[in-house]
Amino acid sequence: MSPDLTTAYLGLRLKHPVVPSASPLTNTLDGIRRLEDAGASAMVLHSLFEEQLVLESAQLDHYLSYFTEAFAEALDWFPDQAQFLMGPEEYLDKIRRAKEAVDIPIIGSLNGITPGGWTAYARAIQEAGADALELNIYHIPTELGQDGSYIETLALDTLRAVRAEVTIPVAVKLSPFYSSIPNICLRLAEAGADGLVLFNRFYQPDLDLESLEVVPNHALSRSEDMRLPLRWTALLYGRIDADLAITSGVHTPEDVIKGLMAGAKVTMMASELLQQGTARLGEVVEGVRRWLEQREYASVEQMQGSMSQAKSGDPVAFERANYMRVLQSWRPDPAGQLYREMLR
Ligand SMILES: Cc1cc2nc3c(=O)[nH]c(=O)nc-3n(C[C@H](O)[C@H](O)[C@H](O)COP(=O)(O)O)c2cc1C
């Protein structure tokens, strides 16, 4: 019998756990249709940004020119207006049209870092028909005077403001750069997050030494990038009242299986689909099905959390033990220079 691939995420029953995350693919109706044709079980739309909502049209112009005049190099850092691909009305219209065009759940995405009037758009996203909402808190703290608890309070207040606007489920997509991931995740869940999406990938600009320019780096991920969310999913599974989703580094059926065993309800994909095309999604789902069949798993739910740390006793000791083992078991490559030097 074919294994049951269904999973429950944000109160939605999905036909399998492979979900396209926010990317240019989910920014057009054509991309949305192609992803459904490829077999997506749900998808997260490209984000609507706080900056778009707060500083529409002329105000946005002013804001951008202020920044770019103040710091010439800011041109390279700050998106120009054309990069805000659409205004809020267009975004809401896209949700409406996506809901008409496809049968799978559509998750809207708001990207912001401060509680404020813009969070009212969460309600508009719900009214446009979104089945759930992902709040992406992409915050790079640059102020010397803002301490960690201030940053965390900002995130929690932003979530509360969004939560107060909607009745649909809300997931929070967060960064891995908090002093205590378990604590911020716990508090986000307590503040009303139904799901936690681990993690935002921070784009790290490089410096071009020839042109002396800042080079924006939109490097796509590789499977190794999944280890960070994998670890935290395994550590959080069963201890927090929120569904866990993994984003970053999900490229293959094996990546999906690892994510599920760590405790994810869904694993999300962007880079792999941007590189390989939307049809790759169907191949990954098929690979997951085959993997389960070959090992006689009856369902995805049977494996979810099976390799989490919920039952492994003291997670701090576990992490320390693994850390020490990794450091102490390192050996130089016998074919390498260092090995020869050590033999001398
Ligand atoms: C070109 C591009 C555009 C993206 N746009 C968004 C966005 O609008 N909102 C968002 O929350 N994440 C956005 N992301 C992040 C992805 O949804 C995803 O979390 C990240 O790329 C890590 O997953 P991956 O390893 O599968 O690429 C974008 C990623 C890429 C590569």
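**From a surface helix to the ligand site**

Valine 326 sits in helix α14, which spans residues 315-328. The model is a predicted one. With 55% relative accessibility, valine 326 counts as exposed, because the cut-off for that class is over 50%. Valine 326 belongs to a nonpolar surface patch with Tyr323, Met324 and Leu327. Together these four residues have about 410 Å² of accessible area.

Next comes the loop between α14 and α15 (337-343), where proline 332 lies. Proline 332 is buried, at 11% relative accessible area. Its C-alpha is 9.1 Å from that of methionine 342. In sequence, proline 332 and methionine 342 are 10 residues apart.

Now the ligand. Serine 21 places a polar side-chain atom 2.9 Å from a ligand oxygen. Serine 47 has a polar side-chain atom 2.6 Å from a ligand nitrogen. The backbone takes part too: a polar backbone atom of alanine 270 is 2.8 Å from a ligand oxygen. On its own the ligand has 610 Å² of accessible area, and the protein covers 89% of that.

Helix α11 covers residues 271-276 and contains glutamate 272. Glutamate 272 counts as buried, with 8% relative accessibility. Its side chain makes a polar contact of 2.7 Å with the side chain of histidine 251.

Charge pairs come next. Side chains of opposite charge can pair when their charged atoms come close. The structure holds 16 salt bridges. One of them joins lysine 173 and glutamate 134, at 4.0 Å from N to O. This pair links distant parts of the chain, 39 residues apart. Lysine 173 is in strand β8 (residues 170-174), and glutamate 134 is in strand β7 (residues 132-136). Lysine 173 is buried, at 9% relative accessible area. Glutamate 134 is buried as well, at 1%.

Where do glutamate 286 and arginine 289 lie? Both are in helix α12 (residues 280-294), 3 residues apart, or about one turn of the helix. Glutamate 286 is partly exposed at 34%, and arginine 289 is partly exposed at 25%.

Glutamate 224 and arginine 222 form another salt bridge, 3.6 Å from N to O. Here glutamate 224 is partly exposed at 39%, while arginine 222 is exposed at 52%. Finally, salt bridges link Asp93, Arg96 and Arg97 in a network.

Terms used: Residues are numbered from 1 along each chain as its sequence is written. This is a predicted model: local features need pLDDT of at least 70, side-chain atom pairs count only at pLDDT 80 or more; totals for chains, interfaces and linings use all residues. Side-chain values use heavy atoms; hydrogens and water are left out. A polar contact is a pair of N or O atoms within 3.5 Å; within protein, one must be able to donate a hydrogen and the other to accept it, and residues adjacent in sequence count only if both atoms are side-chain atoms. Accessible areas come from the Shrake-Rupley method with a 1.4 Å probe; for residues, only the protein chains shown count as cover. Patches are made of residues with over 30% relative accessible area and no salt bridge: like charges are joined within 9 Å, nonpolar side chains (Val, Leu, Ile, Met, Phe, Trp, Tyr) within 5 Å. A salt bridge is a side-chain nitrogen of Lys or Arg within 4 Å of a carboxyl oxygen of Asp or Glu. Helices (H or I, at least four residues) and strands (E, at least two) are DSSP runs, numbered from the N terminus. Buried means under 20% relative accessible area, exposed over 50%, partly exposed in between (1.4 Å probe, protein chains only).
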